[in-house]
Amino acid sequence: MSSAILFLNRWPLYEDKRRWENRLAAPELVFDPETDRVTYLCDEFGRSGVPAGAERVHVVPDFGDVDGVLELVDAIVREEGPFDHVIGFSEMLLDLAATLRERYGIPGPGVEETARFRDKSVMKERVSRAGLRVPRWAPCRTEEQMLAAAEEFGYPVIVKPVRGASSQGVREIASAGELRALCAERSLDDLEIEEFVQGDILHVDGVLDAEGKPLFLCTSRYISSCLDYEALGAPLGSVFQTDPEVRDRCEDFAVRCLDALGLRSSAFHLELFDTGEELVFLEVGARVPGADVSYVINDVHGVNLWRLWVDVLLGRPVDLPVPDPELSGGWLIIQGPKPLPRKVTAATPLLGHVPYVYRELVPSPGEVLVSRPGSYATLQGGRFLFRGGTQKQIEAAVRQANEQYRLTTEPVA
């Protein structure tokens, strides 16, 4: 049965063959030309991510101009007829996709359902109501409310945008003085305040079927954290967990959180704290995980999460390989020096020198590193993928890579 699909895309595909980002999400890999009639709606940046021979391509100046996008899609619907599906992979396009579904009566998550996975206060409220542990939190409306909440939670506290991704705009606040300074420098309308939870951060990634049952699950433990990466420039990465007790505990908790949120027919990326005594929900996205998680999952377990997500959305039969629970893998991103931009003068490739590194993206001398806040899957100071060893071996290789890698730069003239 054929499907008419409106596909929203803001991701490019690079001609540079060293770079693998976005390639697993390429339309050629996730759509079937025999059955899927795809209309592409992209911005200029995402134009290169559209197949060269695509017949129905429409370019918007800015996806953030919702009125302009709706006006264009109205014209597309009049010309091409109704759509059966609206699909957008980017976290930043989930709200727009929900608005389009409601506007044109297209099945799939609407605005309210999407808010559960975009609005951090909404998601914590629903998970908490299901009896699952979440950080204590409060909305930020006034300085007085913020200070009162921080006093109740105890310092440090976390202040974050209610809607956001990749720890952009997230702040760890150590004192009332810091909190007052934050209140003085910006509006509080889009922020929340949250207790600081001490513990390891893990993430569970996978895809749920139309009944909310997991088709695939993978649990990983972060090295460092997204917040430390953004705020302190610490390396960021994670390693697949193979201990059955750890996996079962984390994946059971994750599935209960997802059930409380009512997620169906979707990929997901759920983060949680392990305090040593309990698991605590951190946040969840109704999308494939970012950074290099999905690429290592594909290379270790043979599962393309993007394709699996689309298969579920379109009602296709799913035939997955059986993952080997003993196989581990991992990834590591090392930031360039600050402040950027900086021109690279030398870098030390690790492929062939550090065990289990099977792919790397190391900038070449003369390349210029620029700031890309929240964009992990791009040219960084260095990116490395690991597979072929046990969990302990991969963890040791990640540490070795972090210690061994050297990058030298100079200011851009």
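Below are a few worked exercises on this predicted model.

Some ground rules: residues count from 1 along each chain as its sequence is written, and side-chain values use heavy atoms, with hydrogens and water left out. As the model is predicted, local features need pLDDT of at least 70 and side-chain atom pairs count only at pLDDT 80 or more, while totals for chains, interfaces and linings use all residues.

**Exercise 1.** Work out how the protein is built overall and how compact it is.

*Solution.* Start with the secondary structure: there are twelve helices and 19 strands (DSSP runs numbered from the N terminus, helices being H or I with at least four residues and strands E with at least two). Next, the radius of gyration, taken over C-alpha atoms, is 22 Å, close to the 22 Å from the globule rule for 413 residues, so the protein is as compact as a globular protein of that length. That rule is 2.2 Å times the number of residues to the power 0.38. Finally, the C-alpha trace spans about 55 × 55 × 50 Å along its principal axes, and 52% of the 413 residues are buried (under 20% relative accessible area with a 1.4 Å probe, protein chains only; exposed is over 50%, partly exposed in between).

**Exercise 2.** Find which residues of helix H6 are buried and what they pack against.

*Solution.* First, pick out the buried residues of H6 (143-153): Met146, Leu147, Ala149, Ala150 and Phe153. They cover an arc of only 165° around the axis, which means they sit on the same side of H6; the arc is that of the directions from the helix axis to the C-beta atoms. Then look at the other side, where Glu144, Glu151 and Glu152 are exposed. Now check the partners: the buried residues pack against strands S5 (137-139), S6 (157-161) and S8 (191-195), plus helix H7 (176-185), with contact meaning heavy atoms within 4.5 Å. Last, step just past H6, and glycine 154 shows a positive phi of about 90°.

**Exercise 3.** Describe the lining of the second largest pocket, then follow Ser265 out of it.

*Solution.* A pocket is an open set of points on a 1 Å grid over the protein atoms alone, with protein on both sides within 12 Å along at least five of seven lines; lining residues have an atom within 4 Å of a point. This one has a volume of about 350 Å³, the space filled by probe spheres set on points joined across faces, edges and corners. Its lining has 20 residues, with Arg101, Pro109, Ser265, Trp309 and Leu313 nearest the centre. S4 (85-88), H3 (94-104), H4 (111-115) and H11 (305-313) each supply at least two, and S4 gives the largest share, four residues. Now for Ser265: this residue is in the loop between H9 (244-261) and S12 (266-274). Although not a glycine, serine 265 has a positive phi of about 45°, and at 18% relative accessibility serine 265 counts as buried.

How values were computed
On a 1 Å grid over the protein atoms alone, a cavity is a set of points where a 1.4 Å probe fits but cannot get out, and a pocket is an open set with protein on both sides within 12 Å along at least five of seven lines; lining residues have an atom within 4 Å of a point.
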